[in-house]
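Welcome! Please take a moment to look over the sequence and the 3D view below, and then we can walk through some charged pairs and a surface patch together.

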Amino acid sequence: GFGIPTVEDDELATRIQKDLMPAGAPYLDGFDVAGLTLPAAATGGDYYDYLPVGDDLLTIAIGECSGHGLGPAMIVASLRAYLRVLTANSMNLSDIVSKTNTLITEDVGDEEFLVTLMLVQIDQLTKSMRYCSAGHQGFLLTRDGEVQVLRSTGMAMGLQAETVIPEAEDIRLRIGDAVLLATDGLQKMVSRHGEKFGTQRMIELIRKNRDLPARMIIDYLKKACRDFADPKGRAEDVTLVLVKCDGSDRFSG
């Protein structure tokens, strides 16, 4: 087992987690992408990554491992490594997520860890997205103001080694649509008055600022979360990725 985490373990876990996160957002014609992670002091296992899979495609991974300290950080380090190898060798999201689950379930063994993962692939040529999810959900905010929940397509990882996690139906993206991927840290954040930040508040903040660049919207969310959180409360990891379909093109104009 991983034993009882010490202060040194937590510091090491924080460093591992920080090193795993991408340095900046990739460029994708017609899209505006920004991500953020705010690790808690006693870090858990939040994770996001941009996985290169070809000139016209961007694969975004987001997920988390339950618990705090070194154990989840190590599981997430393995998760990232598996995904980088598997996405380099396959374009099939169901195949990638299902194989990752098999490997992660072996790593978890008898430990009580649950790992959720969502892989989202955006095609800049067809302006469409596809996704596959093990116990994780996202949100599509349409330009008409509707919110569509991108539901999980299979069970969380670490429960059953041999299971197929299917892909969802392809989704056509229109200019003005936005895709929000998040771990549940922001929604679960509690104020000094005992109120939860919640999903609705997160979505409303994006709606209100939807015409701004993705990086600015993410920065507003970061500020909102810091203003809201009870400084004496238990901090949660917060991880967000926002993808705006803005139709911009480096060759236009």
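Does Arg207 count as buried, partly exposed or exposed? With a relative accessibility of 26%, Arg207 counts as partly exposed. Here, buried means under 20% relative accessible area, exposed means over 50%, and partly exposed lies in between (1.4 Å probe, protein chains only).

## About the model

This is a predicted model, where local features need pLDDT of at least 70 and side-chain atom pairs count only at pLDDT 80 or more, while totals for chains, interfaces and linings use all residues. Residues are numbered from 1 along each chain as its sequence is written, and side-chain values use heavy atoms, with hydrogens and water left out.

## Salt bridges within a helix

The structure holds 10 salt bridges; each is a side-chain nitrogen of Lys or Arg within 4 Å of a carboxyl oxygen of Asp or Glu. One of them joins Arg207 to Glu204, at 2.5 Å from N to O. Because these two residues sit 3 residues apart in helix 5 (residues 198-208), about one helical turn separates them. Glu204 is partly exposed, at 36% relative accessibility. Helices (H or I, at least four residues) and strands (E, at least two) are DSSP runs, numbered from the N terminus.

Helix 6 (residues 214-228) holds Arg215 and Asp219, which are 4 residues apart and so separated by about one helical turn. They form a salt bridge, with 3.5 Å between the closest N and O atoms. Arg215 is partly exposed at 37%, and Asp219 is partly exposed at 35%.

Now turn to Arg80, which forms a salt bridge with Asp49; their closest N and O atoms are 3.7 Å apart. This pair connects distant parts of the chain, with Arg80 in helix 2 (residues 70-89) and Asp49 in strand 2 (residues 45-52), 31 residues apart.

Is Asp49 buried or exposed? At 1% relative accessibility, Asp49 counts as buried, whereas Arg80 is partly exposed at 23%. A network of salt bridges links Asp49, Arg80 and Arg84.

## A nonpolar surface patch

Which residues make the nonpolar surface patch of about 260 Å²? They are Leu114, Met155 and Leu159. Patches are made of residues with over 30% relative accessible area and no salt bridge: like charges are joined within 9 Å, and nonpolar side chains (Val, Leu, Ile, Met, Phe, Trp, Tyr) within 5 Å. Accessible areas come from the Shrake-Rupley method with a 1.4 Å probe, and for residues only the protein chains shown count as cover.

Leu114 lies in the loop between helix 3 (93-108) and strand 4 (115-123). Its relative accessible area is 38%, so Leu114 is partly exposed.
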